[in-house]
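Here are some questions and answers for a reader new to this structure. Please look over the sequence and the model before reading on.

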Amino acid sequence: MRLVHVNVTQLRVAATCPRLHWFDTRATAERQDGRKVVSRIWRKGGEAPGCGALFHTAVERFNAAAASSDEVLAALEGARDAAALQQALMRWFNASCLDLDAFAARPVPLRLGFIAAVQVYMDELARLAVHARAAGLPAAELRSQLFGDSRKRVDVTFHVGEDVHVHVTGAIDYVYFDPRLGKHRIVDYKLTPATSPNSDLFQVFTYALMHHHQHGTKPDVAVFYLHPTRSVREARWEEVEAKRGKIHELIASMVAWSDHALGAGGLSPPGDRTYCDGCKHERSGACVAELGHKDRGAWDRRWAALEATRGEAPEEGARVAAGAPLEDEPMVEDDPELEEALAVVKPAGERPRPAPGRGKKAPAEAPPGGARSTPAEAPPGRGKAPPSGERSTPTALDAGAGPPAARTADVAGMLLGFDDGGSPVCMDPAVLRTHVSVVGAAGSGKTWMAKIIAEEALRAGVPVLAIDPQGDLVQMMEARPRSDVPPALLRAWEELQERMEPRILTPGSSHGQRLCLDPLRLPSASELSHIANPALRAEEEEGLLVAVAANLVSLCACGGEEESQRTFLYQVLQRLPRAAPVRLRDIVAAVTAPEDLGIDEVDSLIRKSERERLARRLNTFVQGPSARLFSGGTRLDFTELLRPSRPGRVPLNIVYLNALSNDDEKHFFLAALATELYRWMITTVDATSGGVNLLFYIDEARDWIPAGGSKPPAKQPLIRLFTQGRKYGVGCLLCTQSPRSVDYNVFGNTSTKLVGRLEAAQDVERVSDWFTIEGGAPPWVAARKGAPKGSFVARWPDMPAALAGRAFKGRTLFTRHAGAWSPDRVERAVTEAGLRGPGG
């Protein structure tokens, strides 16, 4: 696999003018130190100076320092008037973030332009802050939300072909949650004339789509021109989403243009005349001499063609946690403006000094000015917590409950934690067979507790298959440092390290052990021969074929009569020879020519136009950018996944979904995995054994098994595991922060429940309903509203009476628990641990 690394600055340059990106690529190749050359873009507007680098550098310094400033906190405490708050913020900014002597030495036009831009920025910031304070938001929380959002960092992998991935890192200008509008916004501030607003807006579309895939937001976007003339261009999230195919084409085209610059084929880039007047390559004549007329050149348009056949373009991205560490890429600018800005802005390590009092004016400060903002022209920062449906990354809990040594030595069973008196809370491993739900509000510690259950299952000899949609669970491959484990738990920690055999499985990518869905596993007569009842045997075979057909139809997303498509595909799968493995290309051929399988009167099953469309879209998964799910790596095989490499080991298989490019692929893969797990279960497992053969762990179940009429592809296959798994010894473990948002069939089949802190009254009512069905809601349920972080109350079959209603805190985790991992972070960890395996 070819992996190309770019940063958002390069994206911005390529979107501005592809030829700038071409020249930067060639200049980078000519350097000896490997540092990237990235052109700085400035469009002159009359006599207005270019102070963009100074503005962005200074404001970044301001935001970072303000996050811990007592003076900023005091100003927010008293924020009643936007003009007064703007003045206070300006005074602190001048005193704490600028070297005023160095600033005074800059040209007067640049200083005036910079001051005017900062004033507009502070005016917008002050108006948002005053609105939030008037709405009752505490000053400390407001300061954290305005200046503490670390989710500007982006770390996204774009798939631009079966063998080419483009990894984009960097930082978006500004992202915040605007309480006035009730949604996220991404703003790109520019200190340039608004000569090409559509081009500028398209750049921000790219950042918004990346932020959506990393953090689950659906942000509106805006380009805010601060200087020389104040104006705003904006767009709603729906417009961003509609342009995702064009955004993918920009990324793919960058690869092609870079290849051309290096003499490795690719595509010659077109030019953009908007920037020619200030471009050194235009002045030197190199642009036309080397690349021809500006209108010559091409884009990689495969994704436009793919949209025509699939109805939508492939999306991209892998979410990472807020603040996940990114590797800084060395970069050199071809403009001295950035170095001059760094000479004016104080370094981050210098402690801010108190701002001058109100009666003393800082030299760089000018009277406030600028037009009033509208709600859509908000400044950076964060407002209130994001609404439900938008994800945030959970922070790590503390070290867990500390056990007294004397009470830990004789612990039997799965050690979940300790009550307030230090007594251990333990659960029989056999309980896993009845399925387990862990519920609790965001930040309550539900993932922490679910990881404890997974660790204890491994200690008890039960293999674990964990579905990791965001990168939180993959960290279980690494042990918590021995020094961080309480002495009384060291033996248990050692047992886990001795037994656990971690494997990181990455469908469609080679960041870990790559998994592949081709060939498909269809049930054979010999596999089902142990089912004595012929009618039941036929039903199981039909159910499995129907599930595979439904999964493929959902992946294709052809629209039209989906029931007809599922029926037709079922007929095809039923007739395909199964003596040899069935490849996806075999299914495409059969859909194209069903008469070869003896399917007569095809038109009575499905319209010819829909059948042809179905064949075309299935074919995109055989060849083309979407083929990665069905090519490369090792086939999904549960017999192999659950087989330890040597006696005494217990497999921990973590399926990391973050490297897949969009939610549709994640849903399809999970649906296919759940279907294959069910096939393995009924064809391989002895239902009379009575033990626990596997713990299937899925985090944040509402994304996959939502309540109500919504039917994402994985919903029915997962519900079937909950309804049928226990008789085959396949226990399911799920987490959710909202019990109302998960299908009732799941909780109805979950006998073991661990309840953390609840926040909504409706959640308390839903939990009460669970226990009312079982004979009356216990009194402790109401107390779960507002319970302490990390506190749980559990109920499971045959639980000792002494544990009923007893709150406890989860024990120390024995594996790593921090911010979610990006695909590249996973790849480094897998490589360093030697866990790449045959699929990597």
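A polar contact is a pair of N or O atoms within 3.5 Å. The model discussed here is predicted.

Q: Which backbone nitrogen does the side chain of Asn7 reach?
A: Asn7 lies in strand 1, which covers residues 2-7. Its relative accessibility is 7%, and buried means under 20%, so Asn7 counts as buried. At 3.2 Å, the side chain of Asn7 reaches the backbone nitrogen of Thr9.

Q: How many disulfides does a search of the whole structure find?
A: A disulfide is a covalent bond between the sulfur atoms of two cysteines. For Cys279, the closest cysteine sulfur is in Cys287 at 6.4 Å, which is too far for a bond because the cut-off is 2.5 Å. Across the whole structure, the number of disulfides found is zero.

Q: Is Cys732 buried or exposed?
A: Buried means under 20% relative accessible area, and exposed means over 50%. The relative accessibility of Cys732 is 0%, so Cys732 counts as buried.

Q: How far does helix 18 reach from its first C-alpha to its last?
A: Helix 18 spans residues 534-556 and has 23 residues. At 1.5 Å a residue, the expected reach is 33 Å, and the helix comes close to this. From first C-alpha to last, helix 18 reaches 33 Å.

Q: Which residue caps the N-terminal end of helix 18?
A: A side-chain oxygen of the capping residue lies 2.9 Å from the backbone nitrogen of Ala535. The residue that caps this end of helix 18 is Asn533.

Q: Which residue with a positive phi follows helix 18?
A: The phi of this residue is near 50 degrees. The residue that follows helix 18 is Ala557.

Methods
Residues are numbered from 1 along each chain as its sequence is written. This is a predicted model: local features need pLDDT of at least 70, side-chain atom pairs count only at pLDDT 80 or more; totals for chains, interfaces and linings use all residues. Side-chain values use heavy atoms; hydrogens and water are left out. Buried means under 20% relative accessible area, exposed over 50%, partly exposed in between (1.4 Å probe, protein chains only). Helices (H or I, at least four residues) and strands (E, at least two) are DSSP runs, numbered from the N terminus. The expected span of a helix is 1.5 Å times one less than its number of residues. A polar contact is a pair of N or O atoms within 3.5 Å; within protein, one must be able to donate a hydrogen and the other to accept it, and residues adjacent in sequence count only if both atoms are side-chain atoms.
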